Amino acid sequence: MNTIHCFLPFRDEAQVRASVAALRECPEVTRITLLSADATATACLGCDLLHIDTLTSSATVRQIAEHAAAEYILLYTKYTELVPGYLALNRMTRIAADSNAGLIYADYYTVIDGVKSNTPVIDWQFGALRDDFNFGPLLLYRATDFKKAASEIDKAYTAAGLYDLRLRVSRIAPVVHINEYLYTDVTVSNDKGGERIFDYVDPKNRGVQIEMEEACTDHLKAIGGYLEPKFDKIEFDRGDFKNEASVIIPVRNRVRTIRDAIRSVLSQKTDFPFNLFIIDNHSTDGTGEAIEEFTSDPRVIHIIPERTDLGIGGCWNVGANHPEAGKFCVQLDSDDVYADENTLAKMVKAFYDNNSAMVVGTYMLTDIDMNMIPPGVIDHREWTPENGRNNALRINGLGAPRAFYTPLLREIQVPNTSYGEDYALGLAFSRHYQIGRVYDVVYLCRRWEDNSDHALDIVKTNTNNLYKDRIRTWELEARCAMNRNK
């Protein structure tokens, strides 16, 4: 029988009592160690205790490695009650042995205030480099792989220790997802995950992000996917463009917001000609009629595609490939508005200032009435000229508005999806070219009940995350191949 040494975060005896009792019912469990950041804590319930700094630090990872005394290490990462399923740990260790996995994780149930729900997770893959990848709170490591990875740690992270460990283990052995519900996480409060999608750009978390970026960059170097800050030079003389810029708004059924978006474009003050493409993807709520109110302005081009199978990316391709498209194509979502009359000029200027193939601005989150809401300004300062193209494989978004040099956009084309298409473009452009940044707030991103990422359920969230991880995998594979062929 495979043996397991369990490590549980510890606040007080009441918090761990039920988890310890449940684990002791599992014959595979031979030892339980409590992890406490309280220097005055003492062991209880027949468990031993390790004093740690933080659960996520490199020092804690090393302590666990030194203390572990079984074939497998079970690490629970929440202060909630763990209820292993019937024969679940036997199942996990058997699959770990069969697959030679270094890390095993599984789907689980969540009980919140007595209400039970399914919490499926997604498959890990080569490009699953997000530091917030959801493995669930129960992680089962093969002890030899854990110890080997821990022995190679050469950084003293406070927040990125577990993330660094996961990346290191993935270079040693497979990471395997068991798509079976094998345990239950019992808690008494509901953490609304949908309200946390911007946590990673919260300014107060900047120090955490720097650690995560360093760990990810080291991983990319180790697997051959790191790109040095050397970029192909762009000559902005390809093609014959009547307009310097085109704003592209894909839209479907946004009669409530489309007029505001259009007005914010037409109010732009520039010293160059520009136009506006509104790709109306067969709206049925009066959006088309609202757009027609503006078509007396010769800059407004209202297009209803012949095709009925287009997502947002497909609509972008319709605009970017149009013969009237400008030298630079600039994004505006139909929910949102430009912050002021200078947005377009600032975005275009950044192409020339930075010799960039793509430019990303800074936005402010607002409600539907354009009042700022937390966390406010999203400037994505994790995108740096030196390392942005690498760190982009870790973060889940690049910012707004986004703008592209049209000849290159026509070469790459936009994935015909309605989620992640902009992220895929950012990765593809950054493989060869510099991405310029505008740090002034030039865009108001309005949050309301019809946003595409508003209050998503777990299935839709997983679908979105799986797709973005797949995009990362394709891009990372391409970068590794490019480095090998140098």
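## The second largest cavity

The lining of the second largest cavity divides into 5 nonpolar, 5 polar and 1 charged residues. Here Ala, Val, Leu, Ile, Met, Phe, Trp, Tyr, Cys and Pro count as nonpolar, Asp, Glu, Lys and Arg as charged, and the others, Gly among them, as polar. Among the lining residues are Phe231, Trp383, Arg389 and Tyr433. The volume of this cavity is about 40 Å³.

The model is predicted: local features need pLDDT of at least 70, side-chain atom pairs count only at pLDDT 80 or more, and totals for chains, interfaces and linings use all residues. Residues are numbered from 1 along each chain as its sequence is written, and side-chain values use heavy atoms, with hydrogens and water left out.

## The largest cavity

How many cavities of 30 Å³ or more does a search of the whole structure find? The search finds 2. A cavity is a set of points on a 1 Å grid over the protein atoms alone where a 1.4 Å probe fits but cannot get out; lining residues have an atom within 4 Å of a point. Grid points are joined across faces, edges and corners, and a volume is the space filled by probe spheres set on the points. Rolling a probe the size of a water molecule over the atoms shows where empty space is left.

The largest cavity holds about 80 Å³ of space. Its lining includes Ile312, Trp316, Asp333, Arg402 and Leu425. At least two lining residues come from each of α9 (312-320), β17 (402-405) and α13 (421-430). Helices (H or I, at least four residues) and strands (E, at least two) are DSSP runs, numbered from the N terminus. The largest share, 3 residues, comes from α13. By class, this lining has 5 nonpolar, 1 polar and 4 charged residues.

## An open pocket

A pocket is an open set of grid points, with protein on both sides within 12 Å along at least five of seven lines. The second largest pocket has a volume of about 170 Å³. Its lining has 15 residues, and Ala350, Asn354, Gly436, Arg437 and Val438 lie nearest its centre.

Which elements each supply at least two residues of this pocket's lining? They are α10 (343-354) and β18 (435-446). The largest share, 6 residues, comes from β18. The lining of the second largest pocket splits into 6 nonpolar, 4 polar and 5 charged residues.

## Aromatic rings

The structure holds 15 aromatic pairs. Rings of Phe, Tyr and Trp (its six-membered ring) pair if their centres lie within 6.5 Å; planes under 30 degrees apart count as stacked, over 60 as edge-to-face and the rest as tilted. The ring centres of Tyr105 and Phe135 are 4.8 Å apart and their planes stand at 85 degrees, so this pair is edge-to-face. The pair links distant parts of the chain, 30 residues apart: Tyr105 is in strand β6 (residues 103-112), and Phe135 is in the loop between β7 (115-119) and β8 (138-142).

Are these two residues buried or exposed? Tyr105 counts as buried because its relative accessibility is 0%. Phe135 is buried too, at 8%. Buried means under 20% relative accessible area, exposed over 50%, partly exposed in between (1.4 Å probe, protein chains only). Phe135 also forms a tilted pair with Phe133, with 4.6 Å centre to centre and 50 degrees between the planes. Elsewhere, Phe236, Phe328, Phe351, Tyr352 and Tyr405 form one aromatic cluster.

## Charges over rings

A charge sits over a ring if NZ of Lys or CZ of Arg is within 6 Å of the ring centre and within 35 degrees of the ring normal. Lys116 lies over the face of Tyr109, 4.1 Å from the ring centre. Arg381 lies over the face of Tyr439, at 4.2 Å.

## Loops and backbone

Ser334 sits in the loop between β13 (328-331) and β14 (337-338). Ser334 counts as buried because its relative accessibility is 6%. Leaving out residues up to four places away in sequence, Ser334 has contacts (heavy atoms within 4.5 Å) that include Ile249, Arg254 and Ala261.

Two peptide bonds deserve a look. The bond from Pro374 to Pro375 is cis, with omega near 0 degrees, and Pro375 is in strand β16 (residues 372-378). Ala400 and Pro401 are also joined by a cis bond, with omega about -5 degrees. Pro401 lies in the loop between α11 (388-391) and β17.

Asn253 has a positive phi, near 55 degrees, though it is not glycine. Asn253 is in the loop between β10 (245-251) and α7 (258-266).
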